[in-house]
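Work through the exercises below using the sequence and the model. Each task is followed by a stepwise solution.

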Amino acid sequence: MSRLTPIAFETTDLDVMEAAKGRVVIIVTPDGKMDPSARRANRLTKGAIARLVASDKFSKAKSGQVISLAWPTGLAAEALDVLVLDRNITAVDARKAGATLARLKAGKPLTVMTGGMRRAAELALGIALRDYRFDAYKSKDDDSADDAAPVTLYHTKADDVSAAAAPLLAVAEGAHMTRNLVNEPANVLTTTEFADRLAEMKELGLKVEVLEEDKLAELGMRTLLAVGQGSASPSKVVVMQWDGGKKDDAPLALVGKGVVFDTGGISLKPSGGMEDMTMDMGGAGVVAGTMRALALRKAPANVVGLVGLVENMPSGTATRPGDVIKSMQGTTVEVVNTDAEGRMVLCDVMWYTQERFKPAGMVDLATLTGAIIVGLGHENAGVFSNDDAFCNAFLKSAASEGEGAWRMPLGKAYDDLIKSPIADIKNTGGRPAGSITAAQFLARFVKDDTPWIHLDIAGVASVKGETDFAPKGATGWGVAALNRLVQDKFETAE
Ligand code: BES
Ligand code: MN
Ligand code: ZN
């Protein structure tokens with residue numbers, strides 16, 4: 001399992017380049033300007049950089065691209081990576097450049113000569129985000145690579161960069177936690193194991209409470225319990241609290257769907273691809289990773305994170321299609337399809353969250369519908385909201401962090417599709433607008449005065465190919481955007 005790559009920040013010292021092991025990175029602007037480190041590398045390599053800059057290959061190179069010189073003369077390193085980079089780059093572009101370096105790193109020590117680069121902390125974040133591998137169950141190391149091979153980043157103002165990088169690396173650590181949870185198989189990450197891993201975050205100063213089935217029954221969380229009742233793993237709700245803000249400020253609430261495995265229940269899924277449903281706790285994973293990031297950087301904000309942990313299994317005790325369940329709120333739900341289980345978990349946790357915490361805003365995250373993948377693919381999460389200002393703030397946060405998010409509509413006509421002949425509502429509205437009717441179901445459990453955002457992350461939580469910031473598998477999508485939302489909208493200016 002991946003832990004965060006250690007990154008050391010050191011004051012520029014051109015003399016380290018000659019003997020550095022692994023890979024050495026220098027920066028050259030697209031118009032061929034070399035900083036002192038690049039000039040030193042050029043001298044050590046007897047003019048190789050100048051020849052590269054004069055080449056066709058270089059003139060075609062775009063900002064962000066890396067041109068690698070293998071086994072360079074005059075250096076002990078096995079590669080000299082020339083990062084072509086504009087002086088004025090956005091934070092996201094700096095991260096992408098860092099991610100490109102991490103992809104090349106492949107377990108080798110990395111010496112990055114950033115000179116006086118403006119976005120060096122973001123470059124470090126990009127390295128940390130991309131330097132991730134989930135190999136807990138590989139008995140033999142494929143390439144005997146040491147993931148934790150150190151990164152040393154040299155900068156003229158190393159202390160400033162180090163200070164700026166600290167809160168960013170907290171985000172990377174949060175995203176790594178999310179990925180570890182999402183990548184974990186369901187025989188390991190049971191509801192109990194999940195709750196235990198969250199409880200470990202008490203070390204970071206988070207309050208963590210685990211509500212067990214008897215307590216959930218007492219609270220009336222019957223729709224949540226109905227989903228888990230076919231499984232040998234007990235259903236749980238975990239409440240995490242980060243009280244970094246003013247004592248009486250209402251918190252931001254994050255609520256996550258934590259279905260540790262979704263077979264569909266009695267409405268059993270087809271077997272092809274069912275193994276992917278180990279990621280159906282992705283919403284809970286993002287809530288956990290975000291809480292970790294906030295605690296690590298000691299965010300001056302009040303944020304609560306609640307996750308509903310259940311397993312959706314078919315069995316003699318499982319909920320049947322046709323069953324009617326009364327939610328904690330009191331609304332009765334006809335279970336038309338036991339595979340539409342996420343909304344039944346969330347509705348009780350969302351109601352409990354509002355009753356207990358009266359949050360200033362509530363964001364729920366869930367791998368809720370296959371339909372959102374049909375609509376938006378793996379590029380954007382679906383965003384649904386009852387509050388334009390809150391929603392726009394989130395969309396802005398996501399855009400500035402390079403995490404795709406696209407707003408979808410809500411409305412009465414969609415709500416009409418979940419009317420039930422025998423109960424207040426049914427748990428599916430059929431094929432048309434499947435992601436929207438799922439969101440309408442959740443909207444029934446949002447109080448009028450709660451600004452609310454629902455994020456359907458089924459397409460972005462885990463993907464088959466690599467993304468800008470992650471190798472294939474779990475992405476950690478959302479940790480950076482939510483951390484940014486907290487930072488921009490929920491922190492107390494001291
Ligand atoms: N966990 C699934 C949604 C999902 C699908 C997540 C693909 C990730 C990848 C969810 O519980 C589900 O089964 N949804 C059904 C709803 C339907 C029965 C109304 C779906 O999308 O088919
Ligand atoms: Mn399902
Ligand atoms: Zn599901």
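**Exercise 1.** Find which residues of helix 6 meet helix 10, then classify the packing.

Step 1. On the helix 6 side, the contacts (heavy atoms within 4.5 Å) include Ala-170, Glu-173, Met-177 and Leu-181. Among their counterparts in helix 10 are Gly-282, Gly-285, Gly-289 and Arg-292. Helices here are DSSP runs (H or I, at least four residues; strands are E, at least two), numbered from the N terminus. This is a predicted model in which local features need pLDDT of at least 70 and side-chain atom pairs count only at pLDDT 80 or more, while totals for chains, interfaces and linings use all residues. Residues are numbered from 1 along each chain as its sequence is written, and side-chain values use heavy atoms, without hydrogens and water.

Step 2. The axes, fitted to C-alpha atoms over the stretch in contact, with angles from 0 to 180 degrees between N-to-C directions, lie 8 Å apart at about 155°. Helix 6 is therefore roughly antiparallel to helix 10 (over 145 degrees).

**Exercise 2.** How many residues of helix 5 are buried?

Step 1. Count along residues 120-130: 11 of 11 are buried.

Step 2. Their cover includes strand 1, helix 4 and helix 6.

Technical notes:
Chains are lettered from A and ligands numbered from 1 in the order in which they are written. Angles under 35 degrees count as roughly parallel, over 145 as roughly antiparallel, 65 to 115 as roughly perpendicular and the rest as oblique. Buried means under 20% relative accessible area, exposed over 50%, partly exposed in between (1.4 Å probe, protein chains only).
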